[in-house]
Amino acid sequence: MKNFASGFARQCMVGLLSLIVLTVVVGVLYPVAVWGVSRINTTGAEGSFVTTQSCTVSDNLGVDPQVPAGQPDPFLHTRVAGGVDDPMAPGDPASSGASNLGPNSPELVEIVTARRAIIAAREGVTPAQVPSDAVSGSGSNLDPEISPAYAALQIPRIARVTGLPTARVREIVEANTSGRQLGFLGEPRVNVQQVNRDLGVGAQHCR
């Protein structure tokens, strides 16, 4: 009986010590280590926020800049998230999600056709010249980047409205264009928010 009691007490002590050690390691040291690593690049860890004169925005979210009807449009535009009622509606940063409309959906065809006509009129080109990413939403509807082709389509309008030389606008776009990851993954892309900030119109978009 005495041996049983001492053995049971020893097992309880081992279990208690294991619980304490694992609690310290898994419940304290590991979370602290992960938090410490996240502090190495605080900007990236907190969502890559950028502060302008009027607001704070995230470079990881793209919301299509809007201008009042009839007003000059100086912005580089992102992809849009609208539906049949408003094909050019911007995405909502508070919630993301695609429409889940398939390529055979008449509703999607209607949306894409409307977007193509609106963008063609805005840029002064034919509908056939509008790139596919300009008229199709991303999986999140908050894609912060566009294709170089869509950015190039907008350069003449931006230069005309801002008064900047076309070559200067093209230079800003090229400076904010990233190539394929590792040279072969994905497609070249343009950071819309950074281009608008470099153009001097990013702060207007925040208001």
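Me: Two strands pair if DSSP finds at least two bridges between them. Over how many bridges do β4 and β5 pair?

Reply: We're looking at a predicted model, with residues numbered from 1 along each chain as its sequence is written. Local features need pLDDT of at least 70 and side-chain atom pairs 80 or more, totals for chains, interfaces and linings use all residues, and side-chain values use heavy atoms, without hydrogens or water. Strand β5 covers residues 189-191, and its pairing with β4 is antiparallel. The number of bridges between β4 and β5 is 2.

Me: Which residue in β5 is the bridge partner of Thr-177?

Reply: β4 spans 177-178, so we need the residue of β5 that bridges to Thr-177. That partner is Val-190.

Me: What is the strand order of the open sheet?

Reply: This sheet is open, has 3 strands and pairs them antiparallel, in the order β3-β5-β4. Edge strands β3 (145-146) and β4 (177-178) have a single partner each, so one side of each lacks a neighbour in the sheet. Reading across, that again gives β3-β5-β4.

Me: Stepping back, how do the elements of the chain run from the N terminus on?

Reply: Elements here are DSSP runs numbered from the N terminus: helices (H or I, at least four residues) and strands (E, at least two). The chain has 8 helices and 5 strands. Written out from the N terminus, the run is α-α-β-β-α-α-β-α-α-β-β-α-α.

Me: What percentage of the residues in the chain is buried?

Reply: Buried means under 20% relative accessible area, exposed over 50%, and partly exposed in between (1.4 Å probe, protein chains only). The chain has 207 residues, and the buried part of them comes to 30%.

Me: And what share of the contacts with a separation of 6 or more comes from residues 24 or more positions apart?

Reply: A contact needs heavy atoms within 4.5 Å. Taking contacts in the chain with a separation of 6 or more, the share from residues 24 or more positions apart is 60%.

Me: Is Asp-64 buried or exposed?

Reply: Asp-64 is found in the loop between β2 (56-58) and α3. Its C-alpha atom is 9.5 Å from that of Gln-193, although the two residues are 129 apart along the chain. Relative accessibility for Asp-64 is 3%, so this residue counts as buried.

Me: Leu-61 lies in a loop too. How far apart in space are Leu-61 and Gly-91, C-alpha to C-alpha?

Reply: Leu-61 is in the loop between β2 and α3. With a relative accessible area of 31%, Leu-61 is partly exposed. In sequence, Leu-61 and Gly-91 are 30 residues apart, while their C-alpha separation is 9.3 Å.

Me: Which residues does Pro-127 touch, not counting those up to four places away in sequence?

Reply: Pro-127 sits in the loop between α3 and α4 (132-135), and its 42% relative accessibility makes it partly exposed. From Pro-127 to Arg-116 is 11 residues in sequence and 5.6 Å in space, C-alpha to C-alpha. Leaving out residues up to four places away, Pro-127 touches Arg-116 and Ala-120.

Me: Which residues line the largest pocket?

Reply: A pocket is an open set of points on a 1 Å grid over the protein atoms alone, where a 1.4 Å probe fits, with protein on both sides within 12 Å along at least five of seven lines; lining residues have an atom within 4 Å of a point. Buried Asp-64 is one of the lining residues.

Me: Which helix supplies the largest share of the lining of the second largest pocket?

Reply: This pocket is lined by 15 residues, and Ser-99, Leu-108, Arg-115, Gly-137 and Asn-141 lie nearest its centre. The largest share, 4 residues, comes from the helix spanning residues 106-123, which is α3.
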